[in-house]
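Subject: Structure handover and what was found in it

Dear colleague,

Here is the structure I promised to hand over to you. Please have a look at the sequence and the model first, and then read the notes that follow.

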Amino acid sequence: MTRRRFPVRLAAPALVLAPLLLTIPAAVPARAAPPAAAIGPTAATLGCRLYFNDAGTGSSPTIWQDTFTLTQSPAEPKVGDTVTVTLTAPTGPDNGPVGLNAGDVPVNVTLALGGSLSGSATLRMSSYPARAVAPTEPLGPITATGTYFAAAAGAATLTVGRVTFANASATTHCSAAGDRDHKAAPVPTSIVESFTVGGTGTATPPPRPSASATPPPSAKPSPSLPPSATDDPPPTATDEVDTPAQPFGPKSVKLNCKTLSSLSTWTATHTLSMSPSNPGRGAKVTVSLKFSAGPKSGPVPVGAGDLVPKATVKVGGVGSGTVNLTGPAYGAIDANAILPGATLTGTYTTSQAGLVSLTVTNVVFDHPQVDTECNAGADPVTGPKETSIVAKFTVKSRAATDDEGEGGGGGNGDGGGSLPTTGEGGVTTLILLWSSAALLLGVGLVVVLPRRRRLLRS
C-alpha cells in the first residue's frame, strides 16, 4: 500500500493528522450466526480536518491511510456480558510540519452499536504518540480500547463513526473519506463488525456507583466474588448521551469600549467554545474566545509586546466563578491601525454534573500605561454589562476520564490565563500564534496614551 504523505504545505504549522478511510474488502457471505471474532486487518482511509481549540468547521483537510483491526472480547458475547473492544492501527497518521512530544494527542474512537444493540461506546488511548515524533513522520501504532454492555440478544454491529486526536489547541477529527466538517457532520466509516449476541431476551446494565461509595483501605475483593461496586462501570446503552455543546458564533457582536475618558464602539466576529464539550466531573476544560479583529489603535504607535488581549468569562449554571483568558501579545502596531484578531484561552475545572453556561463579561486590551475595556455597558468602566457572547455545555455525572486531564483551575472556575505549552518541540504555542496571525481583520478603537500609567483595579 502506498502511503500518502501529509499534504499540507502552508495551512497548518501544527499537528494536522492525516485521516484514514477504511476500504474493506468484499463482504463475506452472510452467515446465520457470524462468529464475531474480528474485522481486519484491512487497508482503509479516512478524511480529516484540523480544528483550532476544537472550534469552527475545520481546515487543512488531509487523509490517513493505514491497516485497521477491530476486535472484541469475548469474541462471541452473550446477553449480560461486558465486552471489551479494541481498534488497532500499526502505522498511525503522519505528523505535520512541527515536531510533536509524546502524549500530546490522546485518541478517542466513537463506536455506534447497531442491530440488537443501541447506543455508543468510546475507545480511548490516553497517551499518544508513545514517543516524540519529528515533522512529517508517522506518529506510530494506535491501540484504543473501551467497553460496552451486551444488553440484548440477536444480530448486532459495531461501526467506527469518528476518530478524534484530542490536542487541546489543535484537535483533529476524522470520519469516512471525503472533505467535510468531520466534527459536526461525521460520516460512519466502513469499519463495521457484524456478530451475534447469544442468549435470549435482554439484560439490565449494572448500576452506576454512588459518588460517595468508597471502600475502606483494607477492603480487598475476593477472587470468588464479582467486581467491586466501586469499579467504574463500562459505557452502556443507558449511559448519558453526549449532549451537543452550544458554542457561540462565529457571530458579529458590537461592544462598547473605553480608554481613559474616550468612548468608542467595536464590532467583530466572536466565537466562544470549550474543549472537551461533554466532560465528566473534575475535568479540565479549555475555554477559547476568538475574535476576527480588534478595535482601532490610537494616535500613538504601540511597541511590540506592549499590548495583550485578555477576557473574563463568568461560569454559570451548575458551575460558578470566573475563567481568565489571555491571548498572545501583539507585535508592533502603527498609529491608527486596526488591531489583528486573536485567540484567547484559559482553563477551569468542572464540579457537579449539569448544564454550564460561559458568558464573556469583559474584554481588556492591556497596556502597561493605559487599558481599553470593552463590554456591553454604555460606560464599560463605570457601568460594565455582560456581553451577549454566551456558550453552554453539559458536564456528565461520571468522573473525568484520563484523557480529560486533571483539573488545576481551583474548583468551580478561577482558571489560569497563561497559554498552555507542550515543551521543546511542542505545537501549542506555535498553533495559537499561527491561528492569531491568520485572523488579521477588523475595526474598532484602542487609544494608547504612553504618558499615563494605569491604576490597578481589584
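A word on terms comes first: helices (H or I, at least four residues) and strands (E, at least two) are DSSP runs, numbered from the N terminus. This is a predicted model, in which local features need pLDDT of at least 70 and side-chain atom pairs count only at pLDDT 80 or more, while totals for chains, interfaces and linings use all residues. Residues are numbered from 1 along each chain as its sequence is written, and side-chain values use heavy atoms, with hydrogens and water left out.

The chain as a whole

The chain has one helix and 20 strands. Of its 458 residues, 47% are buried, where buried means under 20% relative accessible area, exposed means over 50% and partly exposed lies in between (1.4 Å probe, protein chains only). If a contact is taken as heavy atoms within 4.5 Å, then residues 24 or more positions apart account for 76% of the contacts in the chain with a separation of 6 or more.

The cavity

Rolling a probe the size of a water molecule over the atoms shows where empty space is left. On a 1 Å grid over the protein atoms alone, a cavity is a set of points where a 1.4 Å probe fits but cannot get out, and its lining residues have an atom within 4 Å of a point. Grid points are joined across faces, edges and corners, and a volume is the space filled by probe spheres set on the points. How many cavities of 30 Å³ or more does the structure hold? There is one, and the largest cavity has a volume of about 40 Å³.

The residues that line the largest cavity are W64, F68, L87, T88, A89, V107, V109, I142, A144 and V163. At least two residues of this lining come from each of β3 (59-73), β4 (82-89), β5 (107-115) and β7 (142-149), and β4 gives the largest share, with three residues. Nine residues of the lining are nonpolar, one is polar and none is charged, if Ala, Val, Leu, Ile, Met, Phe, Trp, Tyr, Cys and Pro count as nonpolar, Asp, Glu, Lys and Arg as charged, and the others, Gly among them, as polar.

One of the lining residues is L87, which is placed in strand β4 and counts as buried at 5% relative accessibility. Leaving aside residues up to four places away in sequence, L87 touches several others, including F68, V109, I142 and A144. From C-alpha to C-alpha, L87 and T71 are 6.6 Å apart in space, although 16 residues separate them in sequence.

Aromatic pairs

Rings of Phe, Tyr and Trp (its six-membered ring) pair if their centres lie within 6.5 Å, and planes under 30 degrees apart count as stacked, over 60 as edge-to-face and the rest as tilted. The count by this rule is six aromatic pairs. In one of them, the ring centres of W64 and F165 are 5.4 Å apart and the planes stand at 65 degrees, so the pair is edge-to-face. Because W64 lies in strand β3 and F165 in strand β8 (residues 152-165), this pair ties together parts that are 101 residues apart in sequence. W64 is buried at a relative accessible area of 2%, and F165 is buried at 0%. Ring pairs also link W64, F68, Y128 and F165 into a cluster.

Backbone details

Most residues other than glycine have a negative phi, and most peptide bonds are trans. Here, however, a cis peptide bond joins G249 and P250, with omega about 5 degrees, and P250 is found in strand β11 (residues 248-259). The peptide bond from S275 to P276 is also cis, with omega near 0 degrees, and P276 lies in the loop between β12 (262-275) and β13 (280-281). L260, which is not a glycine, has a positive phi of about 55 degrees; L260 lies in the loop between β11 and β12 and is partly exposed at 29% relative accessibility.

With best wishes

Conventions:
1 Å grid on protein atoms, 1.4 Å probe; cavity = no way out; pocket = protein on both sides within 12 Å on 5 of 7 lines; lining within 4 Å.
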